[in-house]
Amino acid sequence: MLSGQLNDIYNMLYGSFGPQGWWPGDTQFEIIIGAILTQNTNWSNVEKAIANLKSEKVLTPAKLHKLNTNKLAKLIRPAGYFNIKAKRLKNFLHWFDESYNLRPKNLEAVTTDRLRNELLSVKGIGPETADSILLYAFDRPVFVVDAYTTRIASRHHLIEDGVDYHKIQKLFESNLPADVKLFNEYHALLVRLGKDFCKPTPKCDDCPLNELPHNA
DNA sequence: GACCAGGCACATC
DNA sequence: GATGTGCATGGT
């Protein structure tokens with residue numbers, strides 16, 4: 001059964017790496033900004049960008065909403081794609097202002113499905129970013145799928161190549177209990193495995209998952 | 001210097 | 001509907 005296999009993988013990863021302490025961020029707002037900035041980008045670069053926003057004291061909804069887009073782009077420069085990401089942050093803030101008055105608290109009462117759809121309607125927020133925000137900023141039981149998740153699932157024959165985001169997400173969500181803490185840790189552990197072992201090339205020989213019986 | 005990193009929107013066929 | 005491309009910095 002898949003649920004058993006997914007459990008074995010989780011236990012092996014947790015045993016190997018321990019708790020990952022995600023999401024790295026002090027506030028819901030910082031998590032949201034980080035989720036957009038980390039698109040296709042190494043987290044260490046995002047940290048530099050966030051440090052810039054903090055040192056300029058603009059890491060609040062109101063301040064970022066007011067900040068000039070070019071100025072914002074300069075501050076987030078280390079995160080890469082800074083022009084497009086500045087626009088994406090602005091798109092998010094525009095929606096956040098118009099619909100929720102820039103208050104994270106106003107999002108708490110919104111149902112997960114509705115919030116997800118509204119986030120997806122913001123230009124620059126796709127499935128992974130939306131789900132990261134739902135899980136890590138708002139504690140909704142949504143499984144986040146990213147490049148690491150896809151690569152690991154494919155390499156360990158949980159899915160076939162070319163399977164879309166929603167199907168991979170469903171694989172995890174329908175075979176695991178809808179538990180925020182579990183989804184939080186599971187995704188973080190998959191990223192950890194991806195960073196340390198499951199790289200694009202060369203394929204990994206000493207991956208901890210290779211010791212699992214179904215991967216022998 | 002090549003390759004990679006916690007995507008997404010858009011153009012083109 | 002599938003496939004290709006631009007966006008960009010910083011670490012290995």
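Colleague: Is Lys57 buried or exposed?
Modeller: This is a predicted model, in which local features need a pLDDT of at least 70, side-chain atom pairs count only at pLDDT 80 or more, and totals for chains, interfaces and linings use all residues. Residues are numbered from 1 along each chain as its sequence is written, while chains are lettered from A and ligands numbered from 1 in the order in which they are written. A residue is called buried if 20 or more other C-beta atoms, placed from the backbone, lie within 10 Å of its own, exposed if 12 or fewer do, and partly exposed in between. Because Lys57 has 8 other C-beta atoms within 10 Å, its class is exposed.

Colleague: What is the phi of Lys57?
Modeller: Lys57 belongs to the loop between helix H3 and helix H4 (61-66); helices (H or I, at least four residues) and strands (E, at least two) are DSSP runs, numbered from the N terminus. Most residues other than glycine have a negative phi. Lys57 has a positive value, near 55 degrees.

Colleague: Which residue in the loop between H6 and H7 also deserves attention?
Modeller: The residue in that loop is partly exposed, because it has 16 other C-beta atoms within 10 Å.

Colleague: What is the omega of the peptide bond from Trp22 to Trp23?
Modeller: Trp23 is placed in the loop between H1 and helix H2 (28-37). Most peptide bonds are trans. The bond from Trp22 to Trp23 is cis, and its omega is near -10 degrees.

Colleague: How many helices does chain A contain?
Modeller: Along the sequence, chain A follows the pattern α-α-α-α-α-α-α-α-α-α-α. It has zero strands, and its helices number eleven.

Colleague: What is the radius of gyration of chain A?
Modeller: The C-alpha atoms of chain A fill a box of roughly 55 × 35 × 30 Å along the principal axes, and 27% of the 216 residues are buried. The radius of gyration is taken over C-alpha atoms, and the globule rule is 2.2 Å times the number of residues to the power 0.38. For 216 residues a compact globule would therefore come near 17 Å, and chain A agrees with 18 Å.

Colleague: Which helix gives the largest share of the side of domain 1 that touches domain 2?
Modeller: Chain A is divided into domain 1 (2-21 + 143-215) and domain 2 (28-137), with bounds from an automatic or database domain assignment, and their C-alpha centres lie 26 Å apart. Their contact, in which C-beta atoms placed from the backbone lie within 7 Å, takes seven residues from domain 1 and six residues from domain 2. Three residues of the domain 1 side, its largest share, come from helix H11 (residues 180-196).

Colleague: Which helix gives the most to the surface near DNA strand B?
Modeller: A residue is near a strand if its C-beta atom, placed from the backbone, lies within 6 Å of it; 27 residues surround DNA strand B, and the closest are Gln39, Asn40, Gly126, Thr129 and Ala147. Helix H8 (127-137), helix H9 (147-155) and H11 each supply at least two residues of this surface. With four residues, the helix that gives the most is H8.

Colleague: Which helix gives the most to the surface near DNA strand C?
Modeller: The residues around DNA strand C include Asn40, Asn42, Arg77, Tyr81 and Asn83. The surface has four nonpolar, seven polar and one charged residues, where Ala, Val, Leu, Ile, Met, Phe, Trp, Tyr, Cys and Pro count as nonpolar, Asp, Glu, Lys and Arg as charged, and the others, Gly among them, as polar. Helix H3 (43-55) and helix H6 (82-100) each supply at least two residues. The most, three residues, comes from H6.

Definitions and conventions:
Two residues are in contact if their C-beta atoms, placed from the backbone, lie within 7 Å.
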